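Here's a quick briefing on some helix packing and a handful of ring contacts. Have a look at the model first, then run through the notes below.

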Amino acid sequence: MTKNENPRYVAAKTLQAVFFKGAYSHLALDEQLKNHQLSAVDQRFVTEVVYGTIKRLNTIDYLLNGVMKNKVHKSDQRIQVILRMAVYQMFYLDRIPERAAIHEAVELSKQWGELVLKV
C-alpha cells in the first residue's frame, strides 16, 4: 500500500489541515478524498476517523495529556494528529483492535517522517 492509498494517511492530512491550517473539515475531507484513490470502505473509514476525532478532540486531548510528559499541543503537528487518531480508534471504534491502531500509528509516523525528510 502506497502512502496515497493509506486511509490513515489521508485522514491525517485532512486533520492536519483542519487543526493547523484553519480548513473547514468537510472541504478538506472532500479535497483529500478526490486526490486519493480509496475504496468505498476506506473512504467511509477516513470520514469516520476525521469527524470522530474532531468531535471527540477535547476528550482525546484530556486522555493524552494524562499519560504524556508534555502536553499534546506541544508536540509536533504530525505527532499530535497521529496520536489523536490512534486514541480515537482505540476508544471509539470497536471494530479496530487496539494493537492494530497502535501498529498503524507507528507505521504512519514512519511514512510521514519520510515524506517530510524528502521534501
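In this predicted model, helix H1 and helix H3 (residues 40–55) pack with their axes 9 Å apart, at an angle of about 35 degrees. The crossing of H1 past H3 is right-handed.

**Where H1 meets H3**
- On the H1 side, the contact is made by Pro7, Arg8, Val10, Ala11, Thr14, Leu15, Val18 and Phe19.
- H3 brings Asp42, Phe45, Val46, Val49, Val50, Thr53 and Ile54 to the contact.

**Aromatic pairs**
- The structure has three aromatic pairs, and one of them joins tyrosine 9 and tryptophan 112 edge-to-face, at 6.2 Å centre to centre and with 80 degrees between the planes.
- Tyrosine 9 sits in H1 (residues 7–21) and tryptophan 112 in helix H6 (residues 98–118), so this pair ties together parts that are 103 residues apart in sequence.
- Both partners are buried: tyrosine 9 has 9% relative accessibility, and tryptophan 112 has a relative accessible area of 3%.
- Phenylalanine 19 and phenylalanine 20 also make an edge-to-face pair, at 6.3 Å centre to centre and 85 degrees between the planes.
- Phenylalanine 19 is partly exposed at 21% relative accessible area, and phenylalanine 20 is partly exposed at 29%.

**A charge over a ring**
- Arginine 84 lies over the face of phenylalanine 19, 5.0 Å from the ring centre.

Key: Residues are numbered from 1 along each chain as its sequence is written. This is a predicted model: local features need pLDDT of at least 70, side-chain atom pairs count only at pLDDT 80 or more; totals for chains, interfaces and linings use all residues. Side-chain values use heavy atoms; hydrogens and water are left out. Rings of Phe, Tyr and Trp (its six-membered ring) pair if their centres lie within 6.5 Å; planes under 30 degrees apart count as stacked, over 60 as edge-to-face and the rest as tilted. Helices (H or I, at least four residues) and strands (E, at least two) are DSSP runs, numbered from the N terminus. Buried means under 20% relative accessible area, exposed over 50%, partly exposed in between (1.4 Å probe, protein chains only). A charge sits over a ring if NZ of Lys or CZ of Arg is within 6 Å of the ring centre and within 35 degrees of the ring normal. Axes are lines fitted to C-alpha atoms, for helices over the stretch in contact, and angles run from 0 to 180 degrees between N-to-C directions. A crossing is left-handed if the near helix is turned anticlockwise from the far one by less than a right angle, and right-handed if clockwise. Contact means heavy atoms within 4.5 Å.
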